[in-house]
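Me: I've got a model open and want to go through its ligands. Can you walk me through them?
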Amino acid sequence: MSKLFPHLFSPLKIRHLTLKHRLVFGTHTPNLSIEGHPGERHYHYYLERAQGGVAMISVEPLPAHGTAVLTRGQFLPADETMVPHFRRITEACHAHDVVMVQQIFHIGPHCDPENSFEANWSPSGTISFKDGTASHAMTESEIEEIIEGFVRTARLLRECGYDGVEINAGYLALIDSFWSPLFNKRDDAWGGTFEKRMRFSVEILSRIRKAVGNDFLIGLTMTGDDNMPGGSRVEDRMEIAAYLDQRGLMDYMPIKTGSYYDWARVMPTFLYDPMQGPPLATAIRSAVKHAKIQAESLVRTPANAERTITEGWADMVSLVRAQIADPHLANKAAEDRPEDIRPCISCNQVCVGRRFRDYWLSCLVNPAVGRETDWGSHRLTPAASPRRILVVGAGPAGLETARMAAERGHAVTLVDRNERIGGQFRLAATQPKRGEVAELLFGYYQGQMEKLGIELCLETEWDADAVKAFGADAVVLATGSNPAMTGAQRALPHVDRLAGVDGDNVYSINDVLTGDETLGRRVLLLDDIDGWLPASGTAAFLAQRDHAVTLVTASATPLAALARSMVDGPMRKLFAELGIETIADTVLVAWSDPDATLRNLLDGEETRRAFDSLILATPNLPETNLQRDLIGSGLEVHAIGDCVAARTAAMAIYEGARLGRLL
Ligand SMILES: Cc1cc2nc3c(=O)[nH]c(=O)nc-3n(C[C@H](O)[C@H](O)[C@H](O)COP(=O)(O)O)c2cc1C
Ligand code: SF4
């Protein structure tokens, strides 16, 4: 019995089943399917979370119909051939006392017609806000076809050994488009009055119940608030929930945030306030008597989940990204070991970021995600013969190798010239709203190093002689990278050094974030990394300190790299609030304090603007000195992370984990 989280870890009865506690791994698409079918990767992905102690898993959606297809990595509409594959998953997870449900969806006007090769369907031919695609207004026989698609899929899922199904009526997809007077303009039996707009959902839910019997859960996901002009507010959603609840049509309701019209709030990042979902869940809970309510969306930690239950805001809580990041979160929390949980930093960089490029999902802080078949906890083997490992550099790559090697039984010494761990990633924590990075470094990693007995030597500059004298069995170089400070830009490959870059008032991002330099008021930030957080976060950092910031980029769209993780919209909003100017399609051709000469890449026109300081947000150069000096030393040397090529923290942690498993 958890002393820290007693309410979260109390059982919950839903219909005929009792969940062992109230922590759920909610629906999301890891995009792991092979030709639309579940394979080994899915099996191990879900099994790892079942072993990690979660009470209920909602497996990602099956499309209800051939028109409901979204990404290549998602499942195709259900057919009998899938039964043995899903049965294998449900049986393996049931062995860990996990209630297994699967979502069924049709996202109506927002599907991907270039993947389904079908027109999108909707109640009244809505144009998708997501990509401007037109859709087909369904005929009554097509409405029947979709309802039967939901029912047929639910019946098949019962055969697969599931305990229930979750019907997706969130995000202004198909079902809630029928509810909405804004998107349902029909004047037949499926539109017009409130009852008629409810009919599509009532038919789906009641026919599923008839098909699957009483000993089967039916969940209904709902967005708590459309948050769009003319859309339905939480009061409207309460009325809908009450109507369906009075008819006993669903057993539980995950309450979502965001929609296809408010996309960034579906998986809100660090730029949003924590606990986005619970206030909406509370409101819906007050409107129902029968259905259990699931809160979710940036709840993130067991402490927040416990509060959600204690305060009576919801009956159960789903943590999706938090349990992507740490599949064993539930067991660690239940054992009152929250300090051992690898925290999600709400970045969306590698989970959502990969999913939206149609790659399989992984995680910045935990590269084993999506690789559970080979890298799952069951595959972590103790070192055959423990060795003495020296890791030079305590940035993300070095920290992860050290942690992993020590966990496998090696004796690890980690050295760094700085006074704190974290390398350049530590600087990210100083940017607006990025405190979760500090939680990862100084909470999780620092704590794990102490627990695993890693010897940490800070403020120590190690040269080749010191490394050789140490006498390690293997040396890991994770020495990172340094700002280039050349002003070289990718759109000007023939220019190695920016004219005037050696002059006054030119700084790196590191100079700015460490607070080492005093900058003038008017700042030009040369962004040659497509708006990645080192550039955009630093612009926001400076603007919040009353600098007038102009970001110039060769890219056609400022902050382009943030789009894949859905940080771009909220960041653009923050830029607007802070008055940050962005100039696209432009390079910097000369700096002569205080003048910057900018060239428009489209028409070649040059303009001169006055700034007090120039910040270079350009790719770093690898720190290779130690590597070079150790050539021929006879030592076993491995180089990982930025000292190989300067990239993201995600790649550094991945290489650290990969090497840590091999040493
Ligand atoms: C990669 C990814 C895919 C998702 N896909 C779905 C989905 O298909 N259906 C759904 O209802 N929710 C989906 N979600 C939303 C989650 O269920 C959840 O509401 C959201 O991630 C916020 O919760 P969190 O802060 O605990 O991650 C997805 C989330 C992620 C991260
Ligand atoms: S990639 Fe970022 S947001 Fe996604 S689960 Fe990992 S830490 Fe969380």
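Predicted model: local features only at pLDDT ≥ 70, side-chain atom pairs only at ≥ 80, totals over all residues.

Me: Start with ligand 1. Which residues come nearest?
Reply: Thr-27, Glu-296, Leu-298, Val-320 and Arg-321 come nearest, out of 19 residues around ligand 1.

Me: What classes are in that shell around ligand 1?
Reply: Nine residues are nonpolar, seven are polar and three are charged.

Me: OK, contacts. How far is the side chain of Gln-103 from an oxygen atom of ligand 1?
Reply: An N or O atom of that side chain is 3.0 Å from an oxygen atom of ligand 1.

Me: And what about the backbone?
Reply: Two residues to look at. Val-320 has a backbone N or O atom 2.8 Å from an oxygen atom of ligand 1. For Ser-297, a polar backbone atom is 3.5 Å from a ligand 1 oxygen.

Me: How much of ligand 1 does the protein cover?
Reply: The protein covers 96% of its accessible area. On its own, ligand 1 has 610 Å² of that area.

Me: Which cavity does ligand 1 take up?
Reply: Ligand 1 takes up the largest cavity.

Me: New topic: ligand 2. Where does ligand 2 sit?
Reply: In the second largest cavity.

Me: Which residues are around ligand 2?
Reply: Among them are the cysteines Cys-344, Cys-347, Cys-351 and Cys-363.

Me: How does the ligand 2 shell divide by class?
Reply: Eight nonpolar, two polar and one charged.

Key:
Residues numbered from 1 in each chain as written. Chains lettered and ligands numbered in written order. Heavy atoms only, no water. Near = heavy atom within 4 Å. Polar contact = N/O pair within 3.5 Å; in protein donor to acceptor, adjacent residues only side chain to side chain. Areas by Shrake-Rupley, 256 points an atom, 1.4 Å probe, with all protein chains shown as cover. 1 Å grid on protein atoms, 1.4 Å probe; cavity = no way out; pocket = protein on both sides within 12 Å on 5 of 7 lines; lining within 4 Å. Sits in = over half its atoms within 2 Å of the grid points. Nonpolar A, V, L, I, M, F, W, Y, C, P; charged D, E, K, R; others polar.
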